[in-house]
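Have the model open as you read.

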Amino acid sequence: MSCILHIETSTDVCSVAVSQDGANIFHEEDFDGPSHATRLGTMVDAALSFTDNHAIPFDAVAVSMGPGSYTGLRIGVSMAKGVCYGRNLKLITLPTLKVLCVPVLLREELPDDALLCPMIDARRMEVYAAVYDRALHTIADTAAMVVDGQSLRPWLDSHPVYFFGNGAAKCKAVIDHPNAHFIDGIQPLAKQMSPLAEMAHARGEFADVAYFEPFYLKDFVATTGRNLLNL
């Protein structure tokens, strides 16, 4: 039994959701952003009022941890921490790229050997990406990548690879491979976080509320030095 507040602010979309035992019972989204500074507080207040009015106690707050927009993540994580402190709740942090995979796994018919490559747009031809199998086991960890014709070639030569997220659109013209498949319209949303958050809650995988910091796009390469092509 668990009730989790979900906050997702890694892109221009601002969203909040509440799940109870894995089922979403409340969600609200704003696609007109970025307007996180003005909208997130109102949306979280609505979610808290909904659960309070139904006498449903929260067990944890889940927040998307990036990579993503510096401002968006800062606002989302600050709000998540504030709710955790105010209500004495646990903090769950979820990789944004894994959150992007959830609707693909739930809605798409994928072959058994498919690989998932969620991408978040950075600048020019750069994206932040990771590679997962269908069980969300990490094949290549989150890293920066400059997209060209050889991007992810080792995996494309042996697996069907599905690209999605707001960084995938600019890859269509340059990743020309019969095993490359592109899925449009996939965005990280709070209502998609519940399967991952429920698993983390069941395993007791919680972050330190005081010291947790998200992965900002602008800081990622400087702190990791990683590129998806040379992992």
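1. Which residue just after α2 takes a positive phi? That would be N88, with a phi of about 55°. Keep in mind that you're looking at a predicted model.

2. Now step back to the helix itself. α2 covers residues 70-87, 18 residues in all. From its first C-alpha to its last, α2 reaches 26 Å, close to the 26 Å expected at 1.5 Å a residue.

3. Next, see which parts of α2 are tucked away. Its buried residues are G72, L73, I75, G76, V77, A80, K81, V83 and C84. An α-helix has 3.6 residues a turn, so residues three or four places apart point the same way.

4. On to a loop. T11 sits between β1 and β2 (14-20). Is T11 buried or exposed? T11 has a relative accessible area of 9%, and buried means under 20%, so T11 counts as buried. Setting aside neighbours within four places in sequence, T11 is in contact with H36, N166 and P188.

5. Last stop: L156, which belongs to helix α4 (residues 153-156). L156 is buried too, with a relative accessible area of 2%. Not counting residues up to four places away in sequence, L156 touches S151, V161, F163, I175, H177, N179 and A180.

6. L156 and V18 are 138 residues apart in sequence and 37 Å apart in space, C-alpha to C-alpha.

Notes: Residues are numbered from 1 along each chain as its sequence is written. This is a predicted model: local features need pLDDT of at least 70, side-chain atom pairs count only at pLDDT 80 or more; totals for chains, interfaces and linings use all residues. Side-chain values use heavy atoms; hydrogens and water are left out. Helices (H or I, at least four residues) and strands (E, at least two) are DSSP runs, numbered from the N terminus. The expected span of a helix is 1.5 Å times one less than its number of residues. Buried means under 20% relative accessible area, exposed over 50%, partly exposed in between (1.4 Å probe, protein chains only). Contact means heavy atoms within 4.5 Å.
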